Amino acid sequence: MMDLHNKVAVITGGARGLGRAFSEALLSKGAKISICDINVADGEATLQVWREKYGEGRTMFKQCDVSNKQSFTDVFVETKRKFGTIDIVVNNAGIGKELFEQDWEKTIHVNLIGVIIGTDLAVQYMSKSSGGYGGVVINIASTAGLTPVFYSPVYCASKYGVVGFTRSVAANPNVCDLGMRFLCLCPAYTDTGLFQAGHSGRKEVPNLDKISQLVKSTGINSVESVANAFMELVENENNNGAVMAVSLKKGIEYKHGRPVQKSRI
Ligand SMILES: NC(=O)C1=CN([C@@H]2O[C@H](COP(=O)(O)OP(=O)(O)OC[C@H]3O[C@@H](n4cnc5c(N)ncnc54)[C@H](O)[C@@H]3O)[C@@H](O)[C@H]2O)C=CC1
Ligand SMILES: CCCCC/C=C\C=C\C(=O)C/C=C\C/C=C\CCCC(=O)O
């Protein structure tokens, strides 16, 4: 089991939803938390709540757009300056702009390129081969990265990309030298602002009945159940390359077979 006490975690999109829940799960185990988010109001409000609950000095917030390399790099620089080290990176920030909307490319920029930038920064700041202490990277994909979703091809492409990218980084024969684990969490529908925005009040959407059927047959995860699955993934130290799906109907399932390699942490 990974001892999380005083470990330092960077969580993207940590101001609300799943990112905030992952952060709180880590905080409750004694970790220090650096959240970044494009939304300053939500980020500062979350930090205020945490300062009152967990005291000063264990949390920080920095505004950041994960699709912008410089903006994202600044988060790592400031986190290291404040906490001295980085042990855990959770690439969680995500959006759901689709083909029928303007700027659908942004979905690839945030959901896939943002994850690639975050993983690259994690290796630079954490790997033993770069003078770090090693650690763990958890990339948040989706069950939409494991199965086609007819009404969200762009979102699906971004999440298939995250699964393939993470598994490939984890499969590198030199991964043991890094002292790092690379993991993928694939939640099904989960009750957050993103889900509500994507699935409520869009009566003009074609095949709405089929979408409702798919949601109904899959079920909607609570945020808490996904946070519990996330903690199982983080704390198990022998799971480099694991891809964990979590859904209301099927619970936790490991996909794509056994993790590719034991990592030396
Ligand atoms: N809610 C759901 O049904 C599911 C969500 N996911 C994934 O979980 C992750 C978190 O999603 P939720 O918590 O549901 O969404 P959410 O919308 O509640 O939270 C996402 C956070 O990311 C931030 N963000 C968006 N773009 C950003 C950017 N460019 N840079 C930095 N921060 C940015 C937002 O401001 C927000 O605070 C996403 O990657 C999403 O695709 C996966 C499966 C199911
Ligand atoms: C689906 C994209 C809409 C925009 C983003 C909002 C919510 C995100 C939801 C998800 O990431 C989950 C998406 C799809 C899951 C679809 C089917 C899962 C089937 C699972 C199974 O068969 O077990």
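Around ligand 2 stand 17 residues, the closest being G96, S142, A144, S152 and G198; a residue counts as near if its C-beta atom, placed from the backbone, lies within 6 Å. The model is predicted: local features need pLDDT of at least 70, side-chain atom pairs count only at pLDDT 80 or more, and totals for chains, interfaces and linings use all residues. Residues are numbered from 1 along each chain as its sequence is written, while chains are lettered from A and ligands numbered from 1 in the order in which they are written.

**Exercise 1.** Determine which helices contribute to the shell around ligand 2, and its division by class.

*Solution.* Helices are DSSP runs of H or I with at least four residues, strands are runs of E with at least two, and both are numbered from the N terminus. α7 and α8 (208–218) each supply at least two residues. The largest share, three residues, belongs to α7. By class there are eight nonpolar, eight polar and one charged; Ala, Val, Leu, Ile, Met, Phe, Trp, Tyr, Cys and Pro count as nonpolar, Asp, Glu, Lys and Arg as charged, and the others, Gly among them, as polar.

**Exercise 2.** Describe the shell around ligand 1 in the same terms.

*Solution.* This shell holds 29 residues, with G13, G17, G94, T192 and L194 the closest. At least two residues come from each of α1 (17–28) and α7 (193–199). The classes are 13 nonpolar, 12 polar and four charged.

**Exercise 3.** State the strand order of the sheet and identify its edges.

*Solution.* Two strands pair if DSSP finds at least two bridges between them. The open sheet has eight strands in the order β3-β2-β1-β4-β5-β6-β7-β8, with mixed pairing. β3 (59–63) and β8 (251–255) each have a single partner strand, so one side of each lacks a neighbour in the sheet. β7 (residues 243–247) pairs with β8 in the antiparallel sense over five bridges, and M244 stands opposite Y254 in β8.
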